[in-house]
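Hello,

Here is the structure we spoke about, followed by some notes on it. Please read them alongside the coordinates.

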Amino acid sequence: YMGVPARAFRERKELFLHKERGLLHQKVDSNPMASMMDPSMMTDMMKKNFLMIIPNIGMMTFISYFFSGFVIARFPFQLTPRFRAMLQRGIDLPGLDVAYVTSLSMYFLILFGLRGAFSLALGEANEADDAQMVQQQMQMGQQGVDMAKVFKGEQENLELVEHSWALATADLDLLAL
């Protein structure tokens with residue numbers, strides 16, 4: 001607002017704050033699905049997902065680099081040969097029993113199996129529960145944003161703004177150099 005002349009600032013303020021036809025006094029229908037398309041909400045969801053994904057990628061890279069091709073565990077029960085491709089990734093030994101598991105496969109089994117352990121150790125409402133986080137995000141999207149409150153806050157903020165034009169003394173500032 002410092003680069004806008006006083007008259008233009010007053011016109012813009014009037015456009016938003018006029019009691020009858022101001023943009024911030026208009027009634028807006030809120031659509032819950034439209035709030036899901038809000039770029040700030042989508043950015044927040046993406047940040048949370050990246051914060052979860054980056055450590056997992058790092059750990060997976062570490063395990064596959066240092067333990068590639070190693071058999072690290074044996075299940076105490078028999079599995080069918082169809083599990084071989086999933087559990088023995090990186091080892092091409094057709095004679096190896098399917099119950100033996102490679103490091104990367106074990107990492108994925110542990111990663112996806114920890115939800116139950118987290119709920120036992122941390123309780124049902126814990127931050128490590130991805131399914132609960134997704135459910136909360138969906139509920140937030142269904143509730144939507146109360147646009148009347150948002151507009152009211154913006155009205156109050158805009159009423160407090162005072163105009164100060166930075167170019168009023170630009171010629172004197174230029175000559176002072």
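Rings of Phe, Tyr and Trp (its six-membered ring) count as a pair if their centres lie within 6.5 Å; planes under 30 degrees apart are stacked, over 60 edge-to-face and the rest tilted. This is a predicted model, in which local features need pLDDT of at least 70 and side-chain atom pairs pLDDT 80 or more, while totals for chains, interfaces and linings use all residues. Numbering starts from 1 along each chain as its sequence is written, and side-chain values use heavy atoms, without hydrogens and water.

Aromatic rings

The structure holds three aromatic pairs. One of them, Tyr65 and Phe66, is edge-to-face, with 5.0 Å centre to centre and 85° between the planes. Another, Phe75 and Phe77, is stacked, at 5.3 Å and 10°. Phe75 is buried at 17% relative accessible area (buried is under 20%, exposed over 50%, partly exposed in between; 1.4 Å probe, protein chains only). Phe77 is partly exposed at 46%. Tyr65 and Phe66 also belong to one aromatic cluster with Phe62.

Arg74 lies over the face of Tyr100, 5.4 Å from the ring centre (the criterion is NZ of Lys or CZ of Arg within 6 Å of the centre and within 35 degrees of the ring normal).

Helix 7

Helices are DSSP runs of H or I with at least four residues, numbered from the N terminus. In helix 7, Phe151, Gln155 and Leu158 are buried. They cover an arc of only 75° around the axis, so they sit on the same side of helix 7 (the arc is taken from the directions from the helix axis to the C-beta atoms). Lys149 and Leu160, on the other side, are exposed. The buried residues of helix 7 pack against helix 1 (6–17), where contact means heavy atoms within 4.5 Å.

Regards

Note on methods: Helices (H or I, at least four residues) and strands (E, at least two) are DSSP runs, numbered from the N terminus.
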